[in-house]
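Please walk me through this structure. I am interested in its aromatic rings, its charges over rings and its nonpolar cores.

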Amino acid sequence: AGLDDDASDPVAIAERVAAEIASLGQRKPARVREFADIGADVLADMKARRSKPGEIGAASGLMSVDASVGGWHDGELIILAARPGKGKTAMAMQAAMHNSRKGRRVLYCSLEMRDKELVTRVLCGESGVDGRRLRVGTWSDEDYADLERTRNTLGLLPIAVYDPPGATIDRIASVARLEHARRNVSLVIVDYLQLIRARDHGVKRHEQIGEQTAALKGLAKEMECPVLCLAQLNREADGQEPKLSHLRESGSIEQDADMVLAIDRADGSDEANLLVLKHRAGEVGKITLKWDGPGTRFVDPNDCFSNFNNGKKTDDT
């Protein structure tokens, strides 16, 4: 009982066993604690965050976003949603690169793109080489030199990519635990939720998604790091400002997520908004960004977040 569809796969079994053994020393048993002791820990965390601003938890790497939502903290499940082609993978990879540059180890689980495809996009964006030239084979010697220099620089960053053609939530969690046991992981990114294979295909889809989001939230708490999970909005979001109801199988996602972000960008436009649709510890609102097409990334239009909706609280506090 409890085994997924990979039960007969020797690699999956080996991964699961290795992860379980390696993580024995990582897991903390459930315990009952006195309020006073927990409060003392809260105040100690506050002091640590103040003494090392920007070094606790993880961040998106976009100043306006991080100033608005206060970063991503240990144990949190963050959902980043958008329609296809709006830049959710680009924003997630920006976060991965930003945190790895800060010395935080990142595990990027790519269920949609192959690892080579994902890294190609990063190398082109960082080096300024037009990715279309690589696809058609018209790159120059100068392009190659630029890509090689960028690869040598980025190769020093603590970031790893896991790109199974399909994986259950159990497989993803096992790999994450194993990586965490080897070297402490500070951020896990899953791209994307609807591509996670079901444990039991006989279960209704909304129940499958509920199991997966609950497991991701549990993984964030167990590993004591943020988990950023990408998700697709349904077709009703086309031409509209995204809402929580546009999330496919939105009920369980809303319930388990500590924060839900959604990208709103018209096709061909460099104008973009990041909507904070849910924030368990703060406000909801709209943050204005710019889309840099050649760089395949989002940028801050300015160095403040005065455009964030003030005083608008979430219903879930």
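## Aromatic rings

Tyr144 is partly exposed, because its relative accessibility is 47% (buried means under 20% relative accessible area, exposed over 50%, partly exposed in between, with a 1.4 Å probe and protein chains only). Trp139, at 41%, also counts as partly exposed. The model is predicted: local features need pLDDT of at least 70, side-chain atom pairs count only at pLDDT 80 or more, and totals for chains, interfaces and linings use all residues. Residues are numbered from 1 along each chain as its sequence is written, and side-chain values use heavy atoms, without hydrogens and water.

There are 2 aromatic pairs in the structure. Rings of Phe, Tyr and Trp (its six-membered ring) pair if their centres lie within 6.5 Å; planes under 30 degrees apart are stacked, over 60 edge-to-face, the rest tilted. Trp139 and Tyr144 have ring centres 5.9 Å apart and planes at 35°, so this pair is tilted.

## Charges over rings

Lys88 places its charged end over the ring of Tyr192, 5.4 Å from the centre (NZ of Lys or CZ of Arg within 6 Å of the ring centre and within 35 degrees of the ring normal). Arg265 has its charged end over the ring of Trp291, 4.5 Å from the centre.

## Nonpolar cores

The largest nonpolar core has 41 residues (buried Ala, Val, Leu, Ile, Met, Phe, Trp, Tyr and Cys joined through side-chain atoms within 4.5 Å). Trp72, Ile189, Leu228 and Leu274 touch the most other members. A second, separate core of 37 residues includes Ile172, Ala173, Val188 and Leu193.
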